[in-house]
Amino acid sequence: MASTFVNWLRSPAAREYFFSTHFWGPVANWGLPLAALADLKKDEEVISGAMTTALVSYSMVFMRFAWRVQPRNYLLFACHATNATAQSVQLGRFANYWYGGGKEARDSKKTVAEKVVEATQ
(Lines give C-alpha, C1' and ligand atoms only; values in the text may rest on other atoms or scores of the structure.)
Protein backbone atom coordinates (compact mmCIF):
# COMPACT_ATOMS: atom_id res chain seq x y z
CA MET A 1 0.00 0.00 0.00
CA ALA A 2 2.73 2.46 0.97
CA SER A 3 4.68 1.79 -2.21
CA THR A 4 1.56 2.41 -4.31
CA PHE A 5 1.08 5.76 -2.61
CA VAL A 6 4.76 6.67 -3.01
CA ASN A 7 4.58 5.75 -6.70
CA TRP A 8 1.52 7.96 -7.08
CA LEU A 9 3.30 10.85 -5.31
CA ARG A 10 6.10 10.65 -7.87
CA SER A 11 3.69 10.61 -10.80
CA PRO A 12 2.60 13.56 -12.95
CA ALA A 13 -0.96 12.96 -11.72
CA ALA A 14 0.11 13.83 -8.15
CA ARG A 15 1.83 17.02 -9.28
CA GLU A 16 -1.27 17.93 -11.28
CA TYR A 17 -3.47 17.34 -8.23
CA PHE A 18 -1.29 19.26 -5.75
CA PHE A 19 -1.05 22.25 -8.09
CA SER A 20 -4.80 22.43 -8.73
CA THR A 21 -7.73 24.20 -7.14
CA HIS A 22 -9.14 20.73 -6.46
CA PHE A 23 -6.51 20.54 -3.70
CA TRP A 24 -5.81 24.16 -2.68
CA GLY A 25 -9.46 25.23 -2.50
CA PRO A 26 -10.29 22.75 0.28
CA VAL A 27 -6.99 23.41 2.05
CA ALA A 28 -7.81 27.13 2.17
CA ASN A 29 -11.36 26.33 3.33
CA TRP A 30 -10.11 24.38 6.38
CA GLY A 31 -9.88 27.70 8.24
CA LEU A 32 -13.67 27.65 8.68
CA PRO A 33 -14.01 24.30 10.48
CA LEU A 34 -10.86 24.90 12.52
CA ALA A 35 -12.28 28.22 13.74
CA ALA A 36 -15.63 26.54 14.45
CA LEU A 37 -13.93 23.82 16.49
CA ALA A 38 -12.00 26.45 18.45
CA ASP A 39 -15.25 28.34 19.11
CA LEU A 40 -16.87 25.31 20.76
CA LYS A 41 -15.31 26.37 24.08
CA LYS A 42 -16.41 30.00 23.88
CA ASP A 43 -19.29 31.52 25.80
CA GLU A 44 -22.74 30.85 24.32
CA GLU A 45 -23.64 34.52 24.66
CA VAL A 46 -21.34 35.47 21.76
CA ILE A 47 -22.76 32.92 19.28
CA SER A 48 -24.64 34.52 16.39
CA GLY A 49 -27.66 32.40 15.51
CA ALA A 50 -28.04 33.96 12.07
CA MET A 51 -24.38 33.54 11.13
CA THR A 52 -24.22 30.00 12.46
CA THR A 53 -27.33 29.06 10.47
CA ALA A 54 -25.76 30.60 7.36
CA LEU A 55 -22.55 28.65 7.90
CA VAL A 56 -24.41 25.35 8.36
CA SER A 57 -26.36 26.02 5.14
CA TYR A 58 -23.22 27.06 3.25
CA SER A 59 -21.37 23.92 4.27
CA MET A 60 -24.33 21.68 3.39
CA VAL A 61 -24.46 23.19 -0.11
CA PHE A 62 -20.75 22.71 -0.64
CA MET A 63 -20.83 19.18 0.74
CA ARG A 64 -23.31 18.36 -2.02
CA PHE A 65 -21.13 20.16 -4.58
CA ALA A 66 -18.01 18.27 -3.49
CA TRP A 67 -19.89 14.98 -3.78
CA ARG A 68 -21.45 15.74 -7.17
CA VAL A 69 -18.40 17.21 -8.94
CA GLN A 70 -16.39 14.74 -11.00
CA PRO A 71 -13.95 13.59 -9.85
CA ARG A 72 -15.39 13.74 -6.34
CA ASN A 73 -13.54 16.13 -4.10
CA TYR A 74 -13.26 14.18 -0.85
CA LEU A 75 -11.02 16.78 0.76
CA LEU A 76 -13.61 19.52 0.20
CA PHE A 77 -16.38 17.18 1.36
CA ALA A 78 -14.51 16.39 4.60
CA CYS A 79 -13.83 20.08 5.20
CA HIS A 80 -17.48 21.05 4.88
CA ALA A 81 -18.75 17.98 6.74
CA THR A 82 -16.53 18.97 9.66
CA ASN A 83 -17.72 22.57 9.47
CA ALA A 84 -21.40 21.59 9.21
CA THR A 85 -21.02 19.33 12.24
CA ALA A 86 -19.20 21.91 14.36
CA GLN A 87 -21.61 24.69 13.36
CA SER A 88 -24.59 22.45 14.12
CA VAL A 89 -23.21 21.89 17.61
CA GLN A 90 -22.81 25.67 17.94
CA LEU A 91 -26.40 26.16 16.77
CA GLY A 92 -27.56 23.68 19.41
CA ARG A 93 -25.60 25.53 22.08
CA PHE A 94 -27.14 28.83 20.88
CA ALA A 95 -30.68 27.45 20.96
CA ASN A 96 -30.19 25.89 24.40
CA TYR A 97 -28.73 29.07 25.84
CA TRP A 98 -31.28 31.54 24.48
CA TYR A 99 -34.40 29.39 24.14
CA GLY A 100 -33.84 26.28 26.28
CA GLY A 101 -33.26 27.83 29.67
CA GLY A 102 -29.46 27.83 29.61
CA LYS A 103 -29.20 31.57 30.23
CA GLU A 104 -31.58 31.44 33.18
CA ALA A 105 -29.74 28.46 34.66
CA ARG A 106 -26.43 30.28 34.39
CA ASP A 107 -27.88 33.48 35.87
CA SER A 108 -29.35 31.60 38.83
CA LYS A 109 -25.90 30.23 39.70
CA LYS A 110 -24.30 33.68 39.87
CA THR A 111 -23.41 35.05 43.25
CA VAL A 112 -24.80 38.34 44.51
CA ALA A 113 -21.39 39.98 44.01
CA GLU A 114 -21.26 38.88 40.34
CA LYS A 115 -24.76 40.28 39.76
CA VAL A 116 -23.80 43.65 41.32
CA VAL A 117 -20.64 43.88 39.19
CA GLU A 118 -22.64 42.98 36.06
CA ALA A 119 -25.32 45.59 36.85
CA THR A 120 -22.74 48.37 37.21
CA GLN A 121 -21.13 47.71 33.84
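Q: In which handedness of crossing does α4 pass α6?
A: The crossing is left-handed, meaning that the near helix is turned anticlockwise from the far one by less than a right angle (clockwise would be right-handed). A word on the source: this is a predicted model, where local features need pLDDT of at least 70 and side-chain atom pairs count only at pLDDT 80 or more, while totals for chains, interfaces and linings use all residues. Residues are numbered from 1 along each chain as its sequence is written, and side-chain values use heavy atoms, with hydrogens and water left out.

Q: At what angle do the axes of helix α4 and helix α6 cross?
A: Two packed helices are described by the angle between their axes and the distance between the axes. Here helix α4 (residues 31-39) and helix α6 (residues 74-99) cross at roughly 30°, and their axes come within 8 Å. Therefore α4 and α6 are roughly parallel to each other; that label covers angles under 35 degrees, with over 145 roughly antiparallel, 65 to 115 roughly perpendicular and the rest oblique. Axes are lines fitted to C-alpha atoms, for helices over the stretch in contact, and angles run from 0 to 180 degrees between N-to-C directions. Helices themselves are DSSP runs (H or I, at least four residues), numbered from the N terminus.

Q: How do helix α3 and α6 pack, and what is the angle?
A: Helix α3 (residues 21-29) packs with α6 at about 15°, the axes being 8 Å apart. The two are therefore roughly parallel, and their crossing is left-handed.

Q: How many salt bridges does the structure hold?
A: Side chains of opposite charge can pair when their charged atoms come close. A salt bridge is a side-chain nitrogen of Lys or Arg within 4 Å of a carboxyl oxygen of Asp or Glu, and this structure holds 2. Asp39 pairs with Lys42, with the closest N and O atoms 3.3 Å apart. Glu44 pairs with Arg93 at 3.5 Å between the closest N and O atoms. Glu44 lies in the loop between α4 and α5 (49-68) and Arg93 in helix α6, so this pair ties together parts that are 49 residues apart in sequence.

Q: Is Arg93 buried or exposed?
A: Buried means under 20% relative accessible area, exposed over 50%, and partly exposed in between (1.4 Å probe, protein chains only). Arg93 is buried, at 17%, whereas Lys42 is partly exposed, at 47%.

Q: Which residues does a cis peptide bond join?
A: Most peptide bonds are trans. Here a cis bond joins Gln70 and Pro71, with omega about -5°, and Pro71 lies in the loop between α5 and α6.
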